[in-house]
Amino acid sequence: MRRLGVVLLGALVLPLTGFGVAGAVPGMTSFGDTTSVGVHNSYEKSTFPYFADALDSGAALIELDLWTNVAGTDWRVSHENPFGSNSNCVGAQNAAGLRSGFRDQGFAGCLADMRAWSDVNPEHPPVMVKLELKDGFTVGYGRGPADLDALILSTLGDAVFTPADLVGDQFSTPDEAVTQRGWPSENAMAGKFIFELIPGTIEEKNPLDTWWADVEYATHLRDLAALNRLEEASAFPAVHRASEGDPRIARYADPSVRPWFVLFDGDAAEYVGGAIDPSWYHERGYLLIMTDAQNVTPAIDGTHASEGEAQDRLDRLAGDHASYITSDWSKLPSVLATVIPRR
C-alpha cells in the first residue's frame, strides 16, 4: 500500500506531532517517550457516529471489542452482543464511502474503514488499535491468531507496524529490541497502525478457559519467530491489569513467552496508587496504557470533563510515565490530538 500525500484529518491539516496546547514533541522523539490520548470503545455509535469520526478525531488510541465464538461466522464487533456486530463501521471501499452504507459491520469492515481513511491520510500520526478479545480466540473456525494476522495484514499491508518491524534483523524478541534500542521515532511511525491485543472480560471470567488470548498470541509469536516467519504476525499482546514488579513473571508460567510482551495495560488509578512504580516501564522502553484516566484522584468526569480538566489529567499521567491514557472524551478533539513528552 503506497504512502503518499498530506495529512488530511476531516477538514483539518495537521502536523505529525506537537498537537494540542499542552506541549509539543519533536518528530525525532522516540515513540516510546511520548504520551497521548485514546477513546474507550471507539466503535460505539453513541461515541462516534461513524468509525471514520473516531479516526478523524485525532485520538492516538482507538478500541474495538471482538467476539469469535461459534455462534457467528465472522469477527463480530460489539460490546455486549456475542452473536452479531453493533458498530459504527461501514466497510468503506474508498474515502467517499466512510460515512455511507450500513453500519454494524464486523472487524473486516472496521479494517476496511481504516484502509480507506489511511489511503487519504497517508502520513497520519501513529494510531494504536486496541483489540479486546471478549471471549478469546476460536481456532478451527477461522478466528485464531493466524487468521487475525491474515485479515489485518491483507487489508492494511505495510500500514501496520508489526512485531517483525520492531525486532528487525538485530534482535530476537520485542523485549530485546525495546530495552536495547527502543522504539522508532514519531516521524518513522507516521502512517502506521499498531495493534494491541488483550484478553476479554468474558474470557477472563470463564473458568473453563485456561488458554487466554494474550498467552495464545504470545505463543503464536514465539513459534512464528522460531520458524523465521515473524513477518506473518500483525499484533502485540499486552499484559492486562496492573500488578507490582514485573507482571510477566507471575502471570506467565512459561518464561519463553514473556519476552513477547512489551505492552502493559491496566487501570490508571492502580498504576499511580503507590504500590506500583510506573517508571519501571518507561526505563525499559515498555509502552504503558493507563485506562479510565478520569478515576485517578481527584476524579473527573469520564465523558464530559472540561478541556482544561482533561489536559491537566494528561499532563499529570505523562509525569507518571503513561504512554497512553484513555477515557470517553470523544468530544474533546484538541485533547485527543495532543502528544506530549512522557516523563
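**Helix α7 and its surroundings**

Author: The buried residues of α7 pack against β6 (127–133), α3 (145–156), α4 (163–167), β7 (193–199), α6 (201–205) and β8, where contact means heavy atoms within 4.5 Å and buried means under 20% relative accessible area, with exposed over 50% and partly exposed in between (1.4 Å probe, protein chains only). The model is a predicted one, in which local features need pLDDT of at least 70 and side-chain atom pairs count only at pLDDT 80 or more, while totals for chains, interfaces and linings use all residues. Residues are numbered from 1 along each chain as its sequence is written, and side-chain values use heavy atoms, leaving out hydrogens and water.

Helices (H or I, at least four residues) and strands (E, at least two) are DSSP runs, numbered from the N terminus. Helix α7 covers residues 213–226, which makes 14 residues, and it reaches 20 Å from its first C-alpha to its last, close to the 20 Å expected at 1.5 Å a residue; the expected span is 1.5 Å times one less than the number of residues. Of those 14 residues, 10 are buried, so α7 is largely enclosed by the rest of the structure. The buried ones are A213, D214, V215, E216, Y217, A218, T219, H220, L221 and L224. After the helix comes N228, whose phi is positive, near 60 degrees.

Two strands pair if DSSP finds at least two bridges between them, and β8 (residues 235–240) is joined to β9 by 3 bridges, the two running parallel. Within that pairing, H240 stands opposite D265 in β9. Strand β9, residues 263–267, is mostly covered, since 4 of its 5 residues are buried. On to β10 (residues 287–291), β9 pairs in the parallel sense over 5 bridges, and here G266 stands opposite M290 in β10.

Leaving aside neighbours within four places in sequence, F107 is in contact with L64, L66, W75, V77, L131, L148, L151, I152 and F195.
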